[in-house]
Structures are given as C-alpha cells and as structure tokens.
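Here is a short walk through one protein model, written for someone who likes to check angles and contacts directly. Have the viewer open as you read.

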Amino acid sequence: MYNKSAKNPNINIDGLWSHSRVYGREYRCTMPTYYYISLFDKFDKRREQTFQTAWCRIPDNWNNEPDYSDTLLIRTLDVVSDEYVKSYEDRGIIVDNITDLYDINTGIPTINGRSCHHTMTKYLDPSRDEAKREEGFKDLILMRLGEVYITLAEAYVRTNQPEKAAEVITQLRKRALVDGHESELKVTAADMDMDFILEEGARELGCELNRWYMLKRSGKMVEWVKEHNPDITLIKDYHIYRPLPQDALYEVTNLDVFVQNKGYK
C-alpha cells in the first residue's frame, strides 16, 4: 500500500490513491527481503531502477499522471537519521525509514512493513489505460541479456576461469555505472566465486522466476535461503526438487518406478 505510511497504515495519504495507472494496484505484491535491498551499492544504477522510493501526488483521478513536483511519500533504502526524516516532514512529505519496514538486525519485516513496503518497479505496467484494469500489456520476458551474462560468468567460475568471469561481469555492469564512481562497481578475478554469482544474479534477476533455477543449480539453495530470508523457516533439503503434479502421477502405470520426489506426500 503506497497510499498509506508504515507509521500509520490506518490513514490514507491525501493525494495518493489505492489504485493508480502509474503506481500500480493496491493488491499485495512481491516484497523484497532486507537482504535483497542491501545487496545494491548506492552507486549502482540498478538500485534506484529496481525499487521505487518516492511517490508523488496524483491529481483529480487515479488514471492521471503524477505531479512529479509534489512528492508525498518517501521510503528509504538506507537507515536515515531523525533529522533527515524531520527535514522532509516539515515540508509535508512523509518518510518511512527502512527501519519502519524491517528489523535490520534480523531482516524480518515489521507488521506494517509487510503491507507498506517498496514497490518492485519491474512489475509496474503504466501502459494500462485505467488504474482498475487487471490486464497488462508488457512483454512476458522468458530470457534477457542480463541473464545470459550472469550464466556465462557462472560457467567461467565453474570451469576455474575467474579472469574471464570478471571480464563478463565488468561488461554487464557498464550500464549500471554512475559517472565519477566507476570504481565502486569494479570487480577482479579474486571476487569471482559462486557466492558472488548468486549475489550478482539477485541484482539482475531478483524476484524473477528464473532466479529459482540459478539457486538450485548452485547447490547452495537451501543454505542460501536459510541465511538470507528469515521468513522461509520450513525449507528442507528435498526442496531442491519440486513436487511432481499429482495428475501426472495418475497417468503413469509404473508407479513403482515413476514416484513422487522424496519428501512430498
């Protein structure tokens, strides 16, 4: 809900609608983990392009374009000071500090943060002609160039060619560089291991369906999820395989051979 603040989710913010053609629909969406947000360097363009952090007044009708000169709500990606918050709130701009959304020590979302969290911009579809329209018109992307680069770098890591992996990541990051801060995203062969690939893969593919394949392929999925997503407490080793559809099991005659994956009833 971007029309309410995590500090007081019972009060609507005047000028922000429950649905918006530009900002999306109110219904619950993918919530990023605190770990995912913290993966991005502040000089990485992908950070601001992945998370929406500010919402502006939408005049008159929820189908209208926001007035980008009139900010009403900010949700920070970093812990900010009380003075920072006050400087905006004195101007009538509500600030949800990231500590209003997550316990930054455990990564567990706050109760209000679960409803009032950052928007993942990759899911927004302002091409809809009405705020209440459920159908979207964006392409469904099955594979994109960023994934190809990540997969190539992973292959080089697996074949003990870290120098080539670093070259691939360097190429991938060119579009993410901020002028004057290029060194912040510099990588070397020494950085290249599977942990780095999984982290860079998250920066590129986070909250996308293909991310699951990368985690499974790494052989580290269960430990990675346990370490970085405190909400997922019931994951087991057998979850590296998905359950076979029961309808498929009904269709076969050799159920003594073609059996459900271990762990699933």
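Two strands count as paired if DSSP finds at least two bridges between them. With that in hand, take S2 and strand S3 (residues 71–75) in this predicted model: they pair in the antiparallel sense over three bridges. Across that pairing, Trp-55 stands opposite Leu-73 in S3.

## The chain as a whole

Now for the overall numbers. The protein chain has ten helices and five strands, and its C-alpha trace spans about 65 × 50 × 35 Å along the principal axes. Of the 265 residues in the chain, 40% are buried.

How about sequence separation? Take the contacts in the protein chain between residues at least 6 apart in sequence: 57% of them join residues at least 24 apart.

Is Thr-53 buried or exposed? Its relative accessibility is 17%, and since buried means under 20%, Thr-53 counts as buried. You'll find Thr-53 in the loop between strand S1 (51–52) and S2.

The side chain of Thr-53 makes a polar contact with the side chain of Glu-48, at 3.4 Å. Setting aside neighbours within four places in sequence, Thr-53 is in contact with Glu-48, Leu-73, Ile-74, Arg-75, Leu-77 and His-118.

Arg-46 sits in helix H2 (residues 45–50) and counts as buried, at 5% relative accessibility. Which side chains make polar contacts with the side chain of Arg-46? One is that of Glu-200, at 3.0 Å, and another is that of Glu-204, at 2.8 Å.

Not counting residues up to four places away in sequence, Arg-46 touches both of those glutamates, along with Phe-40, Arg-173, Ala-176 and Arg-203.

## One face of H8

Helix H8 (residues 211–218) is worth a look down its axis. Its buried residues are Arg-211, Trp-212, Met-214, Leu-215 and Ser-218. Viewed down the axis of H8, these buried residues fall within an arc of 165 degrees, so they line one face of the helix.

What covers the buried residues of H8? The cover includes helix H5 (145–158), helix H7 (194–205) and helix H9 (221–228). After H8 comes Gly-219, with a positive phi near 75 degrees.

As background, most residues other than glycine have a negative phi. Two residues here go the other way.

Asp-60 is not a glycine, yet has a positive phi of about 70 degrees. Asp-60 is in the loop between S2 and S3, and with a relative accessible area of 73% it is exposed. Asn-160 also has a positive phi, near 60 degrees, in a residue other than glycine. Asn-160 belongs to the loop between H5 and helix H6 (162–173), and is exposed too, with a relative accessible area of 67%.

## Cysteines without a bond

How many disulfides does the structure hold? The count is zero. Cys-56 is in no disulfide, and the nearest cysteine sulfur, which belongs to Cys-116, is 18 Å away. A disulfide is called only when two cysteine sulfur atoms lie within 2.5 Å.

Both of these cysteines are away from solvent by the accessibility criterion: Cys-56 counts as buried at 6% relative accessibility, and Cys-116 counts as buried at 0%.

Methods
Residues numbered from 1 in each chain as written. Predicted model: local features only at pLDDT ≥ 70, side-chain atom pairs only at ≥ 80, totals over all residues. Heavy atoms only, no water. Buried < 20%, exposed > 50% of the residue type's maximum accessible area, 1.4 Å probe, protein only. Helix = DSSP H or I, 4+ residues; strand = E, 2+ residues; numbered from the N terminus. Arc of directions from axis to C-beta. Contact = heavy atoms within 4.5 Å. Polar contact = N/O pair within 3.5 Å; in protein donor to acceptor, adjacent residues only side chain to side chain.
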